[in-house]
Amino acid sequence: MHGRTTDLELRIRKLEKINTTLMERLVRIGETRGPGWVQTRTAAVLERELIGRNRDLEDALQRLARINAELEQANSIADEANRAKSRFLRAASHDLLQPLSAAKLFLSHLEETSADGGQSDLIRTVTATLDSAGELIEALSNIARLDSRKFETNRVPLAIDRLFRRLEIDTRPLAEARQVDLRFVASSVTVESDPVYLRQIAQNLITNALKYTTGDRVLIGLRRQGGVVWLEVLDRGPGIHPRDQERVFIEFERLSCTSQPGTGLGLSIVRRACDQLGHRLELHSKPGSGSRFRVALPLYRGSTPQENEPGKDAPLKQPDYSGQRVLIVENDPNMRRAVAMLLGGWGLETITVAGVAEAITAAEAKRPDLVVTDYRLDNGETGIDVLRDLAPLWRRRPPAVIISAEDTASIRQEAGTLARRVLRKPFTDKALRDAIEAIFADRPKAER
């Protein structure tokens, strides 16, 4: 369709030039002095030619208008299809993560109660398989979110050294498993970006380098150029041929023959996130010389924000859960049972309900020490509705954890002071335990 539009535009320009030439000839004839019949005859011929050319021009303009209308309709259909795809991926991701999360919690409980070493090995294998499925589902959910027209970013000052410390915690286990020397170059620079998505961009780039490098080192650091800094991830891998460099950003494309598990979506997510944030993304590589991925970040010119160290507020001692009561609000029966089984195994007294009304009744009968609620409940209710109705039971911030398969950043913003922690499904039993320990450690002494 684009080719048809271009041909018509060229023809229209040609007709306009012909008309201009004909008009100039008519003007010149009118200015000349010669036999009247010659001028009249010539003018009549030129006038007929001009009328014919104008008719051709009008026809071409009408065809161009029809083609443009068809193109606009096709674009509208494509946009709606893309939005429908994003809605489907978000809904499917949520529904798929529900049973996946429940299965992982059941396995965690089974591993804690099993004394059979062979069975424990089998449980860990199944858990690893579920982790891979969860990564794929989460990647698809991220793509849907990044492609959405409602995608929103929160660009704030972000200290690179704090980002690097968090990334090292997240990626060190993979580096050790792959026996790769993972190094972060310290920096005092502060940039402007969305902390959630910049962390995801950097983590995907580092994970990609660790999985696919054939070398023994991955280096992460900054390089200043003018008013921007480049966040760079360098590896000593096999390198990527120039003809293949565009392919690595395409969904499900994996050029390496590595046996490392992966979804083939990490770099696609990186490109989408960089496009949404307005961060330039570059790849420099050639066969045999490793690869360098880099992202351009704007420098922050204000004062550096003061931020706490990650994990600084985590308690040093595990609290005693005996005698503590937890209210579990979850509409999915399997997930509700899995959470209750896991928390019950830790010594907590569990009360399980499916919605807001049941939660209010149970909490008013006996106030819980902790609330663990899913975000998305039945009949349009949410976990935030639960906490909003239960908040008067406490004089302080409710001791609550929200769990969800959706975007945790937006849920944290919506929850405000109603929740202490928000966990993304599928979460580990350690993540849930850490959240509960932090909440219990922060309670007033009179309530312990």
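Does His 279 count as buried or exposed, and at what relative accessibility? I looked up His 279 and found 4% relative accessibility, so His 279 counts as buried (under 20% relative accessible area; exposed is over 50%, partly exposed in between, with a 1.4 Å probe and protein chains only).

I noted the basis of the entries. The model is predicted, with local features needing pLDDT of at least 70 and side-chain atom pairs counted only at pLDDT 80 or more, while totals for chains, interfaces and linings use all residues. Residues are numbered from 1 along each chain as its sequence is written, and side-chain values use heavy atoms, with hydrogens and water left out.

**Entry: the chain.** I find 11 helices and 12 strands (DSSP runs numbered from the N terminus: H or I of at least four residues for helices, E of at least two for strands). Of the 448 residues, 41% count as buried. I also checked contacts (heavy atoms within 4.5 Å): among those between residues at least 6 apart in sequence, 71% join residues at least 24 apart.

**Entry: His 279.** I place His 279 in the loop between helix 6 (266-277) and strand 6 (281-285). Not counting residues up to four places away in sequence, His 279 touches Arg 155, Glu 192, Ser 193, Cys 274, Val 295, Ala 296, Leu 297 and Pro 298.

**Entry: Ala 419.** I find Ala 419 in the loop between helix 10 (408-415) and strand 12 (421-424). Its relative accessibility is 5%, so Ala 419 counts as buried. Leaving aside neighbours within four places in sequence, I list Leu 387, Arg 397, Ala 400 and Ile 402 as contacts of Ala 419.

**Entry: helices 8 and 9.** I looked up the axes (lines fitted to C-alpha atoms over the stretch in contact, with angles from 0 to 180 degrees between N-to-C directions). Those of helix 8 (residues 356-365) and helix 9 (residues 383-390) come within 10 Å and cross at roughly 30°. The contact is made by Val 356, Ala 359, Ile 360 and Ala 363 of helix 8, and by Asp 385, Val 386, Asp 389 and Leu 390 of helix 9.
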